[in-house]
Amino acid sequence: MLIFVKLGSIVFADVFANVGTLKGGTITLIALLLFTGACGKSAQLPLFVWLPDAMEGPTPVSALIHAATMVTAGVYMIARCYPIFVLSDDARMVVAIVGAATAFIAATIGLTQFDIKRVVAYSTVSQLGYMTFALGVGAWVPAIFHLATHAFFKGLLFLGSGSVIHGMHEEQDMRQMGGLKKYMPITYWTFAIAAAANAGIIPLAGFWSKDEIIVGAWHNDYPVIAIVGLIAAFFTSLYMFRVVFLTFHGAERFDTAHLHPHESPPVMVYPLIALAIGAAFLGIVIGLPPDKGWIHDFLNPNFTETVTAVGGAVATVESEVPRSTTLTFGIISTLIAASGWLIAWQAYSKKNPALDPRRWAARVGPIYPLLYRKWYFDEIYEYLIVHPSYWFARFLWQIVDVRIIDGAVNGVASSVAFTSSRLRRVQTGFVANYALAIALGAVIIVGAFFVFESSLFS
């Protein structure tokens with residue numbers, strides 16, 4: 001609405017051609033308002049709690065709308081509106097900070113969850129955070145590149161989770177799984193590919209797009225954001241391989257006498273294989289060489305235009321990254337992803353006492369409950385929004401509705417009933433009473449006449 005009021009149009013071409021004529025504060029406000037919508041749509045802090053709770057539907061639905069299409073619409077919208085955001089450093093800083101915080105917080109929550117689909121859901125929130133902070137730091141093409149690769153490996157993770165749940169007869173708690181590799185080999189290998197791609201293991205698809213995002217943050221002078229991205233990448237590798245080892249490796253923790261895991265039918269495993277191919281090779285096919293692959297050639301023309309800001313300043317949105325920087329961060333991110341895999345392998349597969357999860361949960365004190373309870377966001381919403389809304393609703397019901405509105409309506413009805421009950425006594429049905437009333441009326445009229453006459457001639 002603000003765009004329409006200020007520019008008289010909401011057509012992309014018209015808005016982009018004239019947005020530079022607006023004052024800087026107005027541009028920032030427009031960008032932040034657009035980003036607020038993107039936060040809800042793409043599950044960014046603090047509006048991310050709905051996505052993990054939206055896992056109750058069928059798994060293919062989760063794979064489609066929560067991995068590839070619906071939740072990435074906010075990311076796409078910001079990228080599509082880049083001429084607005086590129087003119088506001090303040091707005092882009094907010095986008096970068098919110099995205100980085102979302103990537104970090106969601107990754108830490110994923111470390112402590114035991115529902116296999118919920119872990120994947122928090123992974124989605126975290127990866128959306130990567131895309132968002134990429135937009136904030138000006139890594140426009142890497143953000144869309146990651147959107148594309150994420151669709152494959154995250155859709156595969158959701159469908160792989162569904163295959164596990166199907167084979168385990170609707171069991172979703174990873175503590176009740178273990179040793180499923182021999183029962184579900186196709187599901188295992190495709191899930192492992194997706195987990196490795198999500199973790200950023202080279203040469204799978206997620207490595208190339210995620211690495212470009214981190215490099216873009218560093219190159220565009222956002223070093224803190226880049227470091228947060230690396231930390232979140234470590235947690236991503238750790239929680240994804242935690243899922244792999246808890247689910248498919250180790251001892252069988254389910255009731256083998258009554259539960260018989262099995263591989264899913266072809267109609268379920270064929271899509272897993274197709275998505276695994278994309279999760280493995282898409283980054284190489286469309287992203288290599290870095291910054292010069294097909295997706296860069298396809299998207300760069302859209303992001304290399306210049307936008308004239310207020311006062312005649314020109315804002316550019318892309319610059320070439322030195323090859324040494326790309327190589328350095330490629331090595332760093334590879335070591336980080338490998339370290340996450342190694343710790344998960346030692347903790348959940350080899351059962352290394354020094355990395356026992358229960359011991360570490362007790363050792364870190366209040367940090368583990370903080371992560372397990374999802375940073376208490378549910379409780380914060382409960383006390384700050386749900387309970388006050390409930391109390392306000394009760395006030396509207398018991399005071400406004402019952403006492404004021406119903407009281408007024410019922411009061412009118414009671415008044416009419418009271419008056420009519422009194423008037424009803426006049427209509428007795430006896431002729432003598434009516435004659436008496438007529439006589440009394442006549443006396444009153446005559447008396448009033450005499451009083452009027454005497455006052456008139458006095």
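What is the handedness of the crossing of α3 and α7? In this predicted model, the crossing of these two helices is right-handed. Two packed helices are described by the angle between their axes and the distance between the axes. For helix α3 (residues 24-41) and α7, the axes cross at roughly 20 degrees and come within 9 Å. Because angles under 35 degrees count as roughly parallel, α3 is classed as roughly parallel to α7. The contact between the two helices involves T28, A31, L32, F35 and C39 on the side of α3, which meet D90, A91, V94, V95 and V98 of α7.

Across the whole structure, a search identifies 21 aromatic pairs. One of them joins F104 and F235 in a tilted arrangement, with 5.9 Å from centre to centre and 55 degrees between the planes. This pair connects distant parts of the chain, since F104 belongs to helix α7 (residues 89-110) and F235 to helix α12 (residues 223-248), 131 residues apart. The two partners were also examined for accessibility. F104 has a relative accessibility of 26% and therefore counts as partly exposed, whereas F235, with a relative accessible area of 17%, is buried. A further pair is formed by F241 and F245, which is likewise described as tilted, with the centres 6.5 Å apart and the planes at 35 degrees. F241 and F245 are separated by about one helical turn because they lie 4 residues apart in helix α12. Both F241 and F245 are buried. F104 and F235 also belong to one aromatic cluster, together with F234 and W375.

K210 is placed over the face of Y130, at 5.1 Å from the ring centre. R363 lies over the face of W360, with a distance of 4.7 Å from the centre of the ring.

The bond from I202 to P203 is cis, with omega near 10 degrees. P203 is located in the loop between α10 (185-199) and α11 (205-219). A cis peptide bond is also found from L288 to P289, where omega is near -5 degrees. The position of P289 is in the loop between α13 (266-287) and α14 (294-303).

Positive phi values in residues other than glycine were then examined. D221, which is not a glycine, has a positive phi of about 65 degrees. This residue is situated in the loop between α11 and α12. Because its relative accessibility is 66%, D221 counts as exposed. For Y376, another residue other than glycine, phi is positive and near 60 degrees. Y376 occupies the loop between α17 (367-372) and α18 (377-424). With a relative accessible area of 32%, Y376 is partly exposed.

Terms used: Residues numbered from 1 in each chain as written. Predicted model: local features only at pLDDT ≥ 70, side-chain atom pairs only at ≥ 80, totals over all residues. Heavy atoms only, no water. Phe/Tyr/Trp six-rings, centres within 6.5 Å; stacked < 30°, edge-to-face > 60°. Buried < 20%, exposed > 50% of the residue type's maximum accessible area, 1.4 Å probe, protein only. Lys NZ or Arg CZ within 6 Å of the ring centre and 35° of its normal. Axes fitted to C-alpha atoms, helices over the stretch in contact; angles between N-to-C directions. Parallel < 35°, antiparallel > 145°, perpendicular 65-115°, else oblique. Left-handed = near helix turned anticlockwise from the far one by under 90°. Contact = heavy atoms within 4.5 Å.
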